[in-house]
Each structure stands twice: as structure tokens, then as C-alpha cells.
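Subject: Structure handover

Hello,

Here is the structure I promised you. Please open it first, then read my notes below.

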Amino acid sequence: MRSDAPDIAREPYRLGGGLSSRSISFENPTGAPGAGGREASPLGAGRKGRPMTWLDPGAEVELCDVAGPGTFRHVWITTPPSQRNLRSLVVRGWWEGQAHPSIEAPLGDFMGFAHGRVVAYQSAVHSVGEKAGLNLWLPMPFVRRARFAIANEGEQRVALFYQMDYTVGDEHGADVGRLHVLFRRENPTTERRDFELLPRRVGQGRYLGAVIGVRDLHNRWWGEGELKVYLDGDSELPTICGTGSEDYVGLSWGVQPTPFLHHGASLVQGEYTSMYRWHLLDPIWWRREVRVTIQQIAWADGLAETADDWSCATFWYEPVPSAPLPPLPGVAARTAAL
């Protein structure tokens, strides 16, 4: 990015630096200048003619296919807030014409919460309204092309509303990373085998963090496992080693429903926990390779190996072309035991 490019958050008085603003929704599906609100409603032409669409089971709708250079700045989506729906809808994103997606995750997890359970909260990355007004604030740069779609892998016809706000004219350097997001679930995990938040990636990149879901299967404290970040040749032992699962998300003595800007938990309800950690101020970069795991250790009158139900939506930046993501769990696996 140019050295004189405006910092849009810290310098709101800067007048664009050559950037132009665009927005894509069903009211302007191309984002083209002067092309919004074409369709008519019973109120007449341009009077809220197409604010949403219906998405049938098995159908996919394209959210955008735009030419660069540009940067997505904000995504807003809403849909009926049932748990099955928010785990059945899948967001996919492709950068620069790459054949496989760099983003592939259930809508709810991608937009900030596990288990499909909507709880109003705000972090540095997401803000969620109590009736599933879902917002994502991470910048997503692209140079030549960006394409996003949502697929309905559920059994119900659902309503979908969205808006994607972006700038065009951004000048991105050769080392710019594209946002990557994957979803994993192990239900249950395997004793003595760490749960992978980020399976091994080769090349360079920056780990941003994760939205982590845990379902306690044993009615005991599950969170003694330590985070491990294996960097640039680490094999048996990692460079970065945490002290416990609740410690990784910046809490202590268990997990409390405390949603802070860069860390915390948005849901602690019975056996269900949804927590997150964002490495925006304490970056984790890698130069050659990375792997991020968290141990499966409980407390039962002492440390004990355990196996519980864990999921994650993990976020990172890396250049493209990039390797394919691990396979997305099928809809039955994603929606089991919600």
C-alpha cells in the first residue's frame, strides 16, 4: 500500500487519497457507480425493490464478483437466527481468480460466534446484534478480482440480506496478504491429540486469531490445555506456548461471558462456550510455515486427558496463490448437537 495512503480509522479527516467508495447488495449487485436501487416495489421504481433474496435448499447466491484493486472494509449480513440455519449457510470467498476458496466457513462462525447461538456483543473484528445483525470489520484487500458466495446446505428456504462496503483504487504492495478463513470441528476430539486451530500452512503469513466453540461432554472443567504455535521449523516443541485455554482468550479461573475488544467470551451457557482471541496488537507472523494447536486437557482432581466437542473459525492473512483449505465438515457434522 502507498506510504501516503490514508489511515481511514485514525485519520477520518483525510479525504480519500484517491480512493473511491463502493457498496454491493441485492440493490446494487455489481457495485457500479449510479447503479443502485434499479428495481421497483409496490411503492414504485427505486422504492426498496430488492433488499433481499430467498435462498432455497441446495442453492447458492453470488454476493459479489468485482475487479480490483480494492479493499473490502465492512460486511453486514442477516438471516433467520436459528442455530441450524447459521451453521448450514456457508460463506465462500475467492481471491484473484484462484480456483479454490480462501474463505470457507459457516455463516455464524465466520461472523463471530460458535454453535449458531446469537448473543449480542462487540469485538475488534465482529459486532453482533441480538437479532442476528452480523458485522465483520476486517479489511480484505485484493488486487485483480474478489468473489464471494453463500450456499444454503440446509433443509429450509431462508431469507438473506447483505451489504459489502469497499474501496477501489487501493495500491497494494507485493507482500499484501489476503484474508483466509477455515472452519474445523471435532466432535469429539481425541485424547492426547491436540486440536488444530490452524493446520500447517507453508509460505509466509500472519495469524489473526479464532472464534472457538467448546461443548463440554463430561460436566467438568475442560480448559487446561495450552495453545501451541509452531513457527518456521519448529517440530516437537513450539516457539509460542500458552498456559491454558481460558488464559489464551485473556481470561482466568474458567471462562466468563466477558466480550472485550481483542479477547473474551460471548457465550457461556451450560455446556456451551463461544470465545475468541484477536492478535491485532500482538501480531503472530511466520516466514516459512506455521501450525497452531490447543491441547485437550481437563481438571478432575488434577490434570486429566479429555475429549470434548471443539470447533473453530480461524482467520489469517497469506499471499495468493495459496494452498487449498482443509475439507469443510459436512452439514450434518456442523449442525450435530447444537
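Is histidine 115 buried or exposed? Histidine 115 counts as buried, because its relative accessibility is 4%. Buried means under 20% relative accessible area, exposed means over 50%, and partly exposed lies in between (1.4 Å probe, protein chains only).

Before the rest, some ground rules. This is a predicted model: local features need pLDDT of at least 70, side-chain atom pairs count only at pLDDT 80 or more, and totals for chains, interfaces and linings use all residues. Residues are numbered from 1 along each chain as its sequence is written, and side-chain values use heavy atoms, with hydrogens and water left out.

Most residues other than glycine have a negative phi, and most peptide bonds are trans. Histidine 115 is not a glycine, yet its phi is positive, about 65°. Look for histidine 115 in the loop between helix 2 (107-110) and strand 9 (121-122). Helices (H or I, at least four residues) and strands (E, at least two) are DSSP runs, numbered from the N terminus. Glutamate 96 also has a positive phi, about 60°, without being a glycine. Its loop runs between strand 7 and strand 8. Glutamate 96 is buried, with a relative accessible area of 10%.

Two cis bonds come next. One runs from asparagine 187 to proline 188, with omega near 5°. Proline 188 sits in the loop between strand 15 (178-186) and strand 16 (195-202). Another cis peptide bond joins valine 320 and proline 321, with omega about 5°. Find proline 321 in the loop between strand 26 (309-318) and helix 4 (331-335).

**The cores**

A nonpolar core is a set of buried Ala, Val, Leu, Ile, Met, Phe, Trp, Tyr and Cys residues joined through side-chain atoms within 4.5 Å. The largest one has 51 residues. Phe72, Trp95, Phe148, Leu179 and Phe315 touch the most other members. Strand 14 (residues 158-168) gives the most to this core: six residues. A second, separate core has 27 residues, including Trp222, Cys312, Trp316 and Leu325.

Take phenylalanine 148 as an example. Not counting residues up to four places away in sequence, phenylalanine 148 touches residues including Phe72, Trp95, Met140 and Met164. Contact here means heavy atoms within 4.5 Å.

Serine 102 lies in the loop between strand 7 (89-95) and strand 8 (103-106). Serine 102 counts as buried because its relative accessibility is 1%. Beyond four places in sequence, its contacts include Trp95, Leu179 and Leu325.

Valine 90 is in strand 7. At 0% relative accessibility, valine 90 is buried too. Valine 90 and alanine 333 are 243 residues apart in sequence and 13 Å apart in space, C-alpha to C-alpha.

Asparagine 135 belongs to strand 11 (residues 134-136). Asparagine 135 is buried, at 14% relative accessibility. Leaving aside neighbours within four places in sequence, asparagine 135 is in contact with residues including His74, Trp76 and His126.

**A question to finish**

Which residues line the largest cavity? They are Glu104, Leu182, Phe183, Leu325, Pro326, Pro327 and Leu328. On a 1 Å grid over the protein atoms alone, a cavity is a set of points where a 1.4 Å probe fits but cannot get out, and lining residues have an atom within 4 Å of a point.

Best wishes

Technical notes:
1 Å grid on protein atoms, 1.4 Å probe; cavity = no way out; pocket = protein on both sides within 12 Å on 5 of 7 lines; lining within 4 Å.
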